[in-house]
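This briefing summarises selected structural features of the model shown below.

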Amino acid sequence: MTKTIAVTGANGHIGNVICRFLTEQGYSVNAMYHSDTTALKGLPVTLFKGSVLNKEDLLRLFSNCDIVINCAAIISIHGDPDGIVFKTNTEGPANVLEVAIKSGIKKIIHISSVHAVEEEPLSLPFDEKRPYKKATAAVYDYSKAMGEQFLLNSGNTNAPEVVILRPSAVIGPFDFKPSEMGKALIQFYNEKILALPEGGYNFVDVRDVVDSVIHAIEKGCNGQIYMLSGKYYTLKQLAQSIKNVTGKNVPSTVIPTSILHLLLPIISIYSKVSGTPPLFTKTSITILKTCHTNMDCSKAKAELGHHTRPLEETIRDFYAWQKTNHAIQ
């Protein structure tokens, strides 16, 4: 068994849960964080402060490791005004690969996203064979597409094995920051959401994603891509599940996409005045409207043992964990 595994982006939602699961199963973990160690507090890992944009940081992180799990990325539904989203999500994987070759790493497991590939056509199942997004797509989507391709198409004969994992919208406990979806769930709990946007998304529990990440250490095949999706729910179905779990009042009014687009200038002004992130952006509205309702994770089920738990279990555990950490009352 591999003794020490390097994890980049270890302080993120997926990253910190990976560290928890790895240490529980007897692995030693080199965990790289960028600035905040809150999510890693108390875990028996070796901490490395650094960035995937710094090759010297990666050299130190990869020392004595055989496997790298690359979680480092920046998710954005607010564009990329300073270019850091694109830079991190493209140069990061390229640097990980270059340093992995120098360090004698045997395998890279890269956490990508279902956003890396085209949603259309919506009439056909959404699987690993979808074409990559192009430069005309949202910057996050295109950057994740480029990151995958850097890793899969290196052409270096000394390159380690590469396995690509594409989760859908990840929710669940241990969401310290919290994530964009975590923020939304907290707003639902605090009864701050007055109406629902049209559309929905495919939600998957972070623990189910991480189970499959761990299985990919031994079972993930070189050059292969695996969808780690869950199940599609409209926002109205999500709200009802939250009500079932918490008893909280949730909105029932659904605002059509066309009206939401008209409201964007008002939402933007309110965001600037209040100093809070906008509840909806052009990107998030598009994501909810165009999310594929039939994401096919059968390959991951067959090869990695991927499984998904009921949404209400995930929601219940999310809120229980948030209460334990005093994020909600």
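**An enclosed strand, a mixed sheet and aromatic pairs**

In this predicted model, strand S10 (residues 224-228) is largely enclosed by the rest of the structure, because 4 of its 5 residues are buried. An open sheet of 3 strands, a nonpolar surface patch and 6 aromatic pairs are also described here.

**Strand S10 and its partner**

- Strand S6 (residues 161-167) pairs with S10 in the parallel sense, over 5 bridges.
- Within this pairing, Ile225 of S10 is the bridge partner of Ile164.
- Strands of a sheet pair through backbone hydrogen bonds, and the sense may be parallel or antiparallel.

**The open sheet S7-S9-S11**

- The order of the 3 strands is S7-S9-S11, and their pairing is mixed.
- Strand S7 (169-171) and strand S11 (231-234) form the edges, each pairing on one side only.
- On average, neighbouring strands of this sheet are turned by 45 degrees against each other, direction ignored.
- Strand S9 (residues 200-205) pairs with S11 in the antiparallel sense over 4 bridges.
- Lys231 in S11 stands opposite Phe203.

**Nonpolar surface patch**

- Ile259, Leu263 and Ile266 make a nonpolar surface patch of about 250 Å².
- Ile266 lies in helix H8 (residues 257-274).
- Because its relative accessible area is 55%, over the 50% cut-off, Ile266 is classed as exposed.

**Aromatic pairs**

- The structure contains 6 aromatic pairs.
- In one of them, the ring centres of Phe176 and Trp321 are 4.8 Å apart and the planes stand at 80 degrees, so the pair is edge-to-face.
- This pair links distant parts of the chain: Phe176 is in the loop between S7 and helix H5 (180-189), whereas Trp321 is in helix H11 (residues 311-324), 145 residues apart.
- Phe176 is partly exposed, with a relative accessible area of 29%, whereas Trp321 is buried, with a value of 12%.
- Another pair consists of Phe318 and Tyr319, whose ring centres are 5.3 Å apart and whose planes stand at 70 degrees, so this pair is edge-to-face.
- Phe318 counts as buried at 1% relative accessibility, and Tyr319 is buried with a relative accessible area of 3%.
- Phe174, Phe176 and Trp321 are linked into a cluster by ring pairs.

Key
Residues numbered from 1 in each chain as written. Predicted model: local features only at pLDDT ≥ 70, side-chain atom pairs only at ≥ 80, totals over all residues. Heavy atoms only, no water. Buried < 20%, exposed > 50% of the residue type's maximum accessible area, 1.4 Å probe, protein only. Helix = DSSP H or I, 4+ residues; strand = E, 2+ residues; numbered from the N terminus. Pairing = 2+ DSSP bridges. Patch = residues over 30% accessible without salt bridge, like charges linked within 9 Å, V, L, I, M, F, W, Y side chains within 5 Å. Areas by Shrake-Rupley, 256 points an atom, 1.4 Å probe, with all protein chains shown as cover. Salt bridge = Lys/Arg side-chain N within 4 Å of Asp/Glu carboxyl O. Axes fitted to C-alpha atoms, helices over the stretch in contact; angles between N-to-C directions. Phe/Tyr/Trp six-rings, centres within 6.5 Å; stacked < 30°, edge-to-face > 60°.
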